[in-house]
Amino acid sequence: MQTDRRRFVKLSTLAVAAAVLPSTAKASSVAPYQLPALPYAFDALEPHIDTATMEIHHDKHHAAYIKNLNAALASAPALAQVPLDELLKSLPAVPDEALRTTLRNNGGGHWNHDFFWKTLAPAGKSGVPSPDLTAAINAAFGSMEAFKIAFGEAATKRFGSGWAWLVAKDGKLKITSTANQDNPLMKGIVPEVDLGTALLGLDVWEHAYYLHYQNRRPDYIAAWWNVVNWAAVSERFKESS
Ligand code: MN3
């Protein structure tokens, strides 16, 4: 019985890999994953995000997601060949519930943090939204200020741990939020979420701010806007349209 189940799981994961692999041109972002270096120094986001928080967040939290993800994929070699974003889009096709949950939490954790670091830049070096992105934000939310208020509300109201997102789908922008390490790639996993191309993501887990801001999540969110890498966000918007 156990052998049959193992064989079924193996065949099914291979089917998932076969289904998604042809659509992927590059094989670079596959397991085993390594912790990417931050694209700036740990203290580069001071005083908005403090050095100790960045060190622990990157070296401990992000590293743990990668360690757990690699451990899970070591027992699923077919899935280990699937690029991470494709894997996260295909989670409902992973038949083993425990494996699916581990990939959801730790694959999501790796993807979200890699995205988060690239979404940030030192204050003063973070650029401005492109004219096209500004126009899309104005069309969707009325103004940049109105957008920031709505995004901040989504981030503040996310109960417990999770993320706030700005996503683009079919040229339109939407604000959404997810619990834990879920994200807008996870089709069929988080049905209440607006799926699409993530442009901007804000980590509101307490580990992202508690050392410096304690329980003052709104203060963290307000400071965070100073270190948003608008050049990167604008480039993602350009690629999404
Ligand atoms: Mn985090």
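I looked up the handedness of the α6 and α7 crossing and found it left-handed, a word I use when the near helix is turned anticlockwise from the far one by less than a right angle, with right-handed for clockwise. The model is a predicted one, in which local features need pLDDT of at least 70 and side-chain atom pairs count only at pLDDT 80 or more, while totals for chains, interfaces and linings use all residues. I number residues from 1 along each chain as its sequence is written, and side-chain values use heavy atoms, with hydrogens and water left out.

**Entry on α6 and α7.** Helices here are DSSP runs (H or I, at least four residues), as are strands (E, at least two), numbered from the N terminus. I noted that α6 (residues 131–141) and α7 (residues 144–157) pack at an angle of about 65 degrees with their axes 8 Å apart, where axes are lines fitted to C-alpha atoms over the stretch in contact and angles run from 0 to 180 degrees between N-to-C directions. That makes α6 roughly perpendicular to α7, given that 65 to 115 degrees counts as roughly perpendicular, under 35 as roughly parallel, over 145 as roughly antiparallel and the rest as oblique. At this crossing I137, N138 and F141 of α6 meet M144, A146 and F147 of α7, contact being heavy atoms within 4.5 Å.

**Entry on α2.** I checked the length of α2 (residues 51–74): its 24 residues should span 34 Å at 1.5 Å a residue, and the end C-alpha atoms are 33 Å apart, which agrees; the expected span is 1.5 Å times one less than the number of residues. I also found a kink of about 30 degrees centred on H57, the bend being the angle between axes fitted to the seven residues ending there and the seven starting there. H57 is itself among the buried residues of α2, as are H58 and H62 (buried is under 20% relative accessible area, exposed over 50%, partly exposed in between, with a 1.4 Å probe and protein chains only). The buried residues of α2 pack against elements including α5 (97–118) and β3 (197–203).

Most residues other than glycine have a negative phi, and most peptide bonds are trans. I found cis peptide bonds joining A31 to P32, with omega about -5 degrees, and E46 to P47, with omega about -5 degrees.
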